[in-house]
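Have the picture open as you read.

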Amino acid sequence: MNGMNGIDQATLSVQIKSLIVYDFLSTYNQLERIIRQIFEMSIPSLPQKVIQQLYFYVGGRIGTFIDVEEKAIKLNAVKFKESDLFKELTINQIIKIFKNNPCLEAFNFNIRSIQRISTFFSFYDCVIRLLNMRNILAHEMVNIQFKNKDLIELLTFDQLEAYSFEILQNYDVRKMDSMTRYIASNIIYMRKIIDELKVAEAE
């Protein structure tokens with residue numbers, strides 16, 4: 001499996017990390033897209049209470065900006081456009097809204113643990129942890145340090161090898177450093193979440 005015999009361990013580790021980070025960010029973008037698609041398709045059937053909350057949060061987007069040329073602080077203009085309604089809500093906001101108001105059935109599922117079959121992780125908690133990891137990777141690529149709140153579940157090398165990482169090709173999964181293993185573990189769970197959401201979207 002290891003066709004990289006002429007490369008030292010440190011270089012291999014960095015190369016694997018780069019590929020796994022790319023895989024994570026690419027898969028995360030896919031996750032964001034499907035969450036937003038399901039949310040937008042579900043708007044007409046949401047309870048009035050939740051719709052009112054959404055309008056409230058969208059209205060709260062009004063903020064200020066500095067106009068240097070006029071030496072003034074101005075309010076951002078927020079125009080009403082029905083086709084763009086609620087598109088300004090972030091995935092983080094959408095997840096937190098529906099975690100507190102679990103009225104969107106497509107999001108009300110759990111993912112079974114790979115380590116312990118009797119343990120389940122809620123969709124909402126998983127996505128929050130994936131968001132945490134994505135935010136860290138957006139600001140730090142070298143000295144990455146994840147915490148438990150950024151990880152759904154740490155998988156063993158044997159468990160990681162059981163899943164396909166096409167992007168790694170001939171690289172040895174066991175050459176990952178500890179933080180890359182965190183990212184790879186989250187990728188596996190993110191794929192499972194996307195599969196569940198695709199089923200819900202098709203119904």
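## Before we start

This is a predicted model, where local features need pLDDT of at least 70, side-chain atom pairs count only at pLDDT 80 or more, and totals for chains, interfaces and linings use all residues. Residues are numbered from 1 along each chain as its sequence is written, and side-chain values use heavy atoms, with hydrogens and water left out.

Helices (H or I, at least four residues) and strands (E, at least two) are DSSP runs, numbered from the N terminus.

## Helix 2

Val50, Ile51, Leu54 and Val58 are buried here, meaning under 20% relative accessible area; exposed is over 50%, and partly exposed lies in between (1.4 Å probe, protein chains only). On the other side, Gln48, Lys49 and Phe56 are exposed. What do the buried residues of helix 2 pack against? They pack against helix 1 and helix 3, with contact meaning heavy atoms within 4.5 Å.

## Helix 4

Among the buried residues of helix 4 are Phe123, Tyr124 and Cys126. The partners of its buried residues include helix 1 (9–42), strand 3 (110–112) and helix 6 (178–202).

Phe123 touches Ile35, Ile95, Phe107, Phe109, Asn110, Ile193 and Leu197, not counting residues up to four places away in sequence.
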